[in-house]
Amino acid sequence: MSETISTEAFQVLLDRAGIRVKPEHMEEMRSAFMLLQAMRERVRKPRGYDAEPAHIFAPMGR
Amino acid sequence: MTGDPTLLTIREASTLIAERKLSPVELTKACIARTEALDATLSTYVAFTPELALDAARAAEAEIGTSGPRGPMHGIPVGLKDIYDTAGVATTAHSNLLKSRVPAEDAFTVTKLRESGAVITGKLGTFEFAIGGPSFDLFTLPARNPWDPARTTGGSSSGSGAAVAAGMVLGATGSDTGASIRSPSSLCGLAGIKPTYGLLSRRGILPLSQSLDHAGPMCWTVEDAALMLQAMVGHDPLDPACADVAVPDFTEKLDETVKGKTIGVIRHFHETDHEAAPPVLAAIEQAIAVYRSLGCVIKEVTLPPLMDFAAVGLIIMSSEAFAIHEADLRATPELYGEIARDRISMGGLLTGADYVQALRRRQELCAAVAEAMIGVDVLLTAGSPFPAQPIDNVPKWLMYQKPSITMPFNVTGLPALALCAGYEPGTGLPVAMQLVGHPFAETTVFQLGHAYEQATQWRATRPALLAA
């Protein structure tokens, strides 16, 4: 997962999400997204198939 | 009574009320007068309701006169962050999107506060939807810090922080998804607790991120926070995250010795992971010295890097927030302020896999913190890495640039108390620390916070604005 993203690729992500960004905010949003990219990388660790997400809970009555 | 009743703590005021030496009406009128004098400077309220407050104060006074107080909150003026639903009074999240929204019912915690006899004074400003601020493009201006009105209160419970510090109310509700009780409590010199996830109902509180959102009180002292939390607590079967646990008396340990308690200092959080400003670092060292003098055992605790918690928290918060706002952001983005719109929009750029990987990492972080807390009564770190910043120069993407020092305890759900640990030399701005306990061990957190307040003089200082 690259931490950089082109303006064109960023626009594709915005379009897919249905988000309109004011032109004057586009560059700062893209810069912030690159910081978010690093966080996406950070939460990915080598894990086994059985690594559960948080908030897995016992069914009622068990 | 003589003196200014708005400077009383909840404990002091409730004692005087019970002894018939202070009238709830007199106290409420004093808070109203303080608000009328300072609200133009501090922009605390989005909906100030003095007539409703006086009606409630008169009712409290009559009841107390005939049958005594229901408890320590009876007749005490409190404000509500404007994401707590109030029947018949607009609840807007400080957003143009909800400017005309009037709920039919109170939030569960508001019902509890009314049952305690608290006098509700109105709805306090917030960062828009508890995420966007300080914003100057909403229908009222952002709250300003009573210690220096050119500075931010922190957020998102911004009006709550300002109103309590300014003596407009004796307590206020906040909510905390990543910092929003503890940041304004830290920057405004208050005691504010984000309780254990599930202790307080979230029903009727506008959500930002359901798996990270916590309700809680913000007050002048730790003891007051314990008293107000007691009034807000109770199992709510209609909130699926609300835990059905036995509720202790949160004040029961306040006067017990803390000798022998073990405090785990997370030095790497505030010294390297997000290096705090020198006055904050100095205050933390002084606080450690105070606890050592009280007989506490001090040990150093190492947790996973702060950025790991920040990444998990931001991905979860952004994803859940976008899911809540997706339709409105697409249909009417112009009804959001710029900061809320842009921050929430970021969640739309994440994937389902990002969200689940963050949840898997969350599980690992919870396990790591639980293991590190074995043999430790509370953890200690900074409440905020810095004192209040100029209100017109708060970086929009700060949480992306620097890891939040409060987010770890939203990710883990542990109870975390922010409390004043002194004042920055020169500016007089408050600095703060956090005490973090085991799940549902709020009484121990309050015990250690109260012991520190009793051993220091910080609660004797109020903002200079109040003397003007």
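Trainee: In this predicted model, what is the order of the strands in the open sheet of chain B?

Mentor: The open sheet has eleven strands, and their order in chain B is β1-β3-β2-β6-β8-β7-β12-β13-β11-β9-β10, with mixed pairing. From one strand to the next, the twist averages 30°.

Trainee: Why is one side of β1(B) and of β10(B) left without a neighbour in the sheet?

Mentor: Strands β1 (45–48) and β10 (297–300) of chain B stand at the edges and each has a single partner strand, so one side of each remains without a neighbour in the sheet.

Trainee: What makes β7(B) and β8(B) a pair of strands?

Mentor: Pairing asks for at least two bridges between the strands, and two bridges join β7 (residues 191–194) to β8 (residues 214–219) of chain B, which run antiparallel; the two strands therefore count as paired. As for particular residues, Ala191(B) has Cys219(B) in β8(B) as its bridge partner.

Trainee: Which helices pack on or lie across these strands?

Mentor: Helix α3 (residues 50–67) of chain B packs on the sheet, where it touches β1, β2 (77–81) and β3 (119–124) of chain B, and its direction makes about 160° with that of β3(B). Helix α7(B) lies across β6 (171–176), β7, β8 and β12 (416–423) of chain B, and runs at about 140° to β8(B).

Trainee: Why is α7(B) described as largely enclosed by the rest of the structure?

Mentor: A residue is called buried when 20 or more other C-beta atoms lie within 10 Å of its own, and eleven of the eleven residues of α7 (residues 222–232) of chain B are buried, so the helix is largely enclosed by the rest of the structure. Among them are Val222(B), Glu223(B), Asp224(B), Leu227(B) and Met232(B). Just after α7(B), Gly234(B) takes a positive phi of about 155°.

Trainee: How do you know whether Ala40(B) is buried or exposed?

Mentor: Ala40(B), whose place is in helix α2 (residues 24–42) of chain B, has 8 other C-beta atoms within 10 Å, and a residue with 12 or fewer counts as exposed, so Ala40(B) is exposed. The C-alpha atoms of Ala40(B) and Glu424(B), which are 384 residues apart along the chain, are separated by 26 Å.

Trainee: Which elements of chain B give two or more residues to the side that touches chain A?

Mentor: In this interface, 28 residues of chain B are in contact with 23 residues of chain A. The elements that give two or more residues to that side of chain B are α10 (306–331), α11 (338–345), α12 (352–372) and α13 (398–401), and the largest share, ten residues, comes from α12(B). The residues on that side of chain B divide into 15 nonpolar, six polar and seven charged.

Methods
Residues are numbered from 1 along each chain as its sequence is written. Chains are lettered from A and ligands numbered from 1 in the order in which they are written. This is a predicted model: local features need pLDDT of at least 70, side-chain atom pairs count only at pLDDT 80 or more; totals for chains, interfaces and linings use all residues. Two residues are in contact if their C-beta atoms, placed from the backbone, lie within 7 Å. Helices (H or I, at least four residues) and strands (E, at least two) are DSSP runs, numbered from the N terminus. Ala, Val, Leu, Ile, Met, Phe, Trp, Tyr, Cys and Pro count as nonpolar, Asp, Glu, Lys and Arg as charged, and the others, Gly among them, as polar. Axes are lines fitted to C-alpha atoms, for helices over the stretch in contact, and angles run from 0 to 180 degrees between N-to-C directions.
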